[in-house]
Amino acid sequence: MTQQTSSHADQTASTADRAADWALSRTSAHAPGAPLVTIIGDGQLARMMHQAGIEMGLTIRVLAGAADSSTAQVTPDVVIGDYTNRNHVDEVSRDADAVTFDHEHVPNAFTEELIAAGVNVQPQPQALINAQDKLVMRKRLREMGAPVPPFMPIESVEDIQGFFEATGGAVCLKARRGGYDGKGVWFPESAEEAAELVAELLDKGTPLMAEKKVRLVRELSAMVARTPSGEVAAWPVVESVQQDGICFEAVAPAPNTNAELLAQAEDLARTVATELGVTGVLAVELFETVDEAGQPEIIVNELAMRPHNTGHWTQDGCVTSQFEQHLRAVLDRPLGSPAPIARHTVMANVLGADFEPDTPIHQRMDECWRRFPEAKIHMYGKDWRPRRKMGHVNMTLKEGQSVDELRTNARLAATYVVTGAWEDGYEG
């Protein structure tokens, strides 16, 4: 494992030298007296947590898988290692005032041992298991009385055949662990397809569950933050728009939504955070659907116990961003105001196009700003790959502007950054 003391260093250390190198890193990379937060994970979420930590006067240490990862590029104290290696997790957690995550995949056995040794780990394993295993989450939410679709574990071909028949073919098959951005989710169109799919996945050792596919109106996201001492703050509920299973756009607050439904979604997120003992940021992904009488209702889709894609709008649309709030929460410090600073904010993801343009990306950003100087472009330092989340664009509603116009502009900006072409034919 490597200790990196500058954003581009790639140093290796022998076991005998590691203690000395660690001391040097603590001296050079850490502000005296600043609280130290360890983030396990090296993606854009950790990168943006680090950015918020700078303004808060915190010191951030990161366990990264590679020296050129999104967070390692910008963070002076980086340990290059593997979150599935117990020793690496122990080492990066040393002397931390709080240990937190930008994903939910760290083995709970590791974090339980850290807690037993007196390390402040937030969120804790008993909460995280509900974001790690979809079947565990569904069962716990049902016990709480939260709205969830009919579901069952799938352990055999016979199980999926029975569930397919019981739901009239309205089946969503899910891998219980590890799926994201549309991965690990299947919608078989026939009983035969469902049986073949389950046989193949079980043969690969993939734990499965199935739930009844809902009549989807749209997706919503209710986000809150909670401290270990129990303070909770909620952001406005947003509408989330998906393309090919990947979040493309978030509109805050969710437009054209019944006020009672929005209040129900926010109350549900607060309840889930409290009942499950979640600390830090929690995103409750929701399906807005209709009941048998045609009335709107919400159903929980999934939980994320960390900053979330649908909360990126808070960077430029709120008094306190999700990244700052998460750090405040895991350190058990007073939470900031989640109040919006504009009537609406739109976040559009910058997703890698099918091809990489010849024009350098920073030149494309300049052209985007020439047309939309109000666009706040956030890039993650990632190489191009089709459909990859490379960044996002935030825009807030201007005087005299409609929400539809704001959404169109944000999408145009985000798409131009990756394609170098204006979808509406604009020529400057």
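Visitor: Which residues of strand β5 (residues 98-101) point one way, and which the other way?
Guide: In this predicted model, local features need pLDDT of at least 70, side-chain atom pairs count only at pLDDT 80 or more, and totals for chains, interfaces and linings use all residues. Residues are numbered from 1 along each chain as its sequence is written, and side-chain values use heavy atoms, without hydrogens and water. In a regular strand the side chains alternate between the two faces of the sheet. All four residues are buried (under 20% relative accessible area, 1.4 Å probe, protein chains only); Ala 98 and Thr 100 point one way, Val 99 and Phe 101 the other way.

Visitor: Which residue of β5 is the bridge partner of Ile 39?
Guide: Strand β2 (residues 36-40) runs parallel to β5, and four bridges join them; strands pair if DSSP finds at least two bridges between them. In β5, the bridge partner of Ile 39 is Thr 100.

Visitor: How many helices and strands are there in the protein chain?
Guide: Both are DSSP runs, helices being H or I of at least four residues and strands E of at least two, numbered from the N terminus. The protein chain has 13 helices and 18 strands.

Visitor: Why is the protein chain as compact as a globular protein of that length?
Guide: The globule rule is 2.2 Å times the number of residues to the power 0.38, and the radius of gyration is taken over C-alpha atoms. For 428 residues the rule gives 22 Å, so the chain is as compact as a globular protein of that length, its radius of gyration being 22 Å.

Visitor: What share of the residues counts as buried?
Guide: The C-alpha atoms fill a box of roughly 65 × 55 × 45 Å along the principal axes. Of the 428 residues, the share that counts as buried is 54%.

Definitions and conventions. Buried means under 20% relative accessible area, exposed over 50%, partly exposed in between (1.4 Å probe, protein chains only).
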